[in-house]
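Q: I am new to this structure. Can you show me how to read its features, one at a time?

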Amino acid sequence: MKIMVVDEFLEQGKPKTSLKHVGLSRSSYYYTSTGTKAGKKASRVVYDIDDNRHDLDYVLKEVKTLLEGEFVDYGYYKTYRYLNQEKGLKIGAYRTYNLMKEHNLLKFQRNKTKRTSRNWEKNSCQMYKVNLVSWNLILSMFMYKELIQMHKY
């Protein structure tokens with residue numbers, strides 16, 4: 001909407017005042033989108049200790065051979081440590097996680113949902129407070145009666 005108003009003013013030959021009156025900065029008015037995602041593209045190669053290049057398919061093959069073993073229950077962090085220490089690949093834990101997530105190789109995780117409600121604790125505390133108030137009232141009345149009796153004699 002603002003850009004349409006500015007375009008009308010530009011046709012009349014008043015460019016500087018039109019942007020100011022509409023409340024639109026010049027950079028916003030002249031901005032054109034490139035249509036691509038911002039940031040650096042993810043690399044498809046991994047280096048080892050000797051600076052040899054390996055494709056991510058090689059890393060994926062290594063991960064799959066590791067996880068195929070009997071009684072192997074590795075998550076992404078243990079897999080990352082294995083790739084670094086045993087295979088000598090320079091790969092980060094987060095990249096290992098993303099690679100394993102992309103190919104459904106992550107361990108099963110339980111949902112961390114609340115299993116029981118503990119509303120009964122709140123109710124018991126309120127009952128305790130009510131009972132405490134009533135006991136205080138009873139004790140104060142009893143003490144008051146005793147004080148009156150003591151002053152009579």
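Q: How many Å² does the accessible surface of the protein come to, and what share belongs to carbon and sulfur atoms?
A: This is a predicted model. Its accessible surface comes to about 13900 Å². Carbon and sulfur atoms hold 55% of that surface.

Q: What share of the residues in the protein is buried?
A: A residue is buried when its relative accessible area is under 20%. Of the 153 residues in the protein, 18% are buried.

Q: How many helices and strands does the secondary structure come to?
A: There are seven helices and three strands. Read from the N terminus, the order is α-α-α-β-β-α-α-β-α-α.

Q: In what order do the three strands form their sheet?
A: The order is S2-S1-S3, in an open sheet with antiparallel pairing. S2 and S3 are the edge strands, each pairing on one side only. S1 and S2 are joined by three bridges in the antiparallel sense. Val45, for example, stands opposite Asp55 in S2.

Q: Where does Val46 lie, and is Val46 buried or exposed?
A: Val46 belongs to strand S1, residues 45–48. Its relative accessibility is 1%, so Val46 counts as buried.

Q: Which residues does Val46 touch, leaving out those up to four places away in sequence?
A: Val46 touches Asn52, Arg53, His54, Leu56, Val59, Leu89, Lys90, Ile91 and Arg95. Take Lys90 from that list. Val46 and Lys90 are 44 residues apart in sequence, yet their C-alpha atoms are 6.5 Å apart in space.

Q: Among contacts between residues at least 6 apart in sequence, what share joins residues at least 24 apart?
A: For the protein, that share is 42%.

Q: How do I read a helix, and what span does H4 reach?
A: Start with the general idea. An α-helix has 3.6 residues a turn, so residues three or four places apart point the same way. Now the case here. Helix H4 covers residues 56–67, 12 residues in total. From first C-alpha to last, H4 reaches 16 Å, close to the 16 Å expected at 1.5 Å a residue.

Q: Which residues of H4 are buried?
A: They are Leu56, Val59, Leu60, Glu62, Val63 and Leu66. Seen down the axis of H4, these buried residues fall within an arc of 160°, so they line one face of the helix.

Q: What do the buried residues of H4 pack against?
A: They pack against strands S1, S2 (53–55) and S3 (89–90), and against helices H5 (76–85) and H6 (93–102).

Q: How many aromatic pairs does the structure hold, and how is such a pair described?
A: The structure holds three aromatic pairs. A pair of aromatic rings is described by the distance of the centres and the angle of the planes. Take Tyr76 and Tyr97: their ring centres are 5.1 Å apart and their planes stand at 70°, so the pair is edge-to-face. This pair links distant parts of the chain, with Tyr76 in helix H5 and Tyr97 in helix H6, 21 residues apart.

Q: Is the pair of Tyr94 and Tyr97 stacked or edge-to-face?
A: Their ring centres lie 6.4 Å apart with planes at 25°, so this pair is stacked. Both residues sit in helix H6, three residues apart, about one turn of the helix. Ring pairs link Tyr76, Tyr94 and Tyr97 into a cluster.

Q: What is the relative accessible area of Tyr76, of Tyr97 and of Tyr94?
A: Tyr76 has 34% and is partly exposed. Tyr97 has 26% and is partly exposed. Tyr94 has 63% and is exposed.

Note on methods:
Residues are numbered from 1 along each chain as its sequence is written. This is a predicted model: local features need pLDDT of at least 70, side-chain atom pairs count only at pLDDT 80 or more; totals for chains, interfaces and linings use all residues. Side-chain values use heavy atoms; hydrogens and water are left out. Helices (H or I, at least four residues) and strands (E, at least two) are DSSP runs, numbered from the N terminus. Buried means under 20% relative accessible area, exposed over 50%, partly exposed in between (1.4 Å probe, protein chains only). Contact means heavy atoms within 4.5 Å. The expected span of a helix is 1.5 Å times one less than its number of residues. The arc is that of the directions from the helix axis to the C-beta atoms. Accessible areas come from the Shrake-Rupley method with a 1.4 Å probe; for residues, only the protein chains shown count as cover. Rings of Phe, Tyr and Trp (its six-membered ring) pair if their centres lie within 6.5 Å; planes under 30 degrees apart count as stacked, over 60 as edge-to-face and the rest as tilted. Two strands pair if DSSP finds at least two bridges between them.
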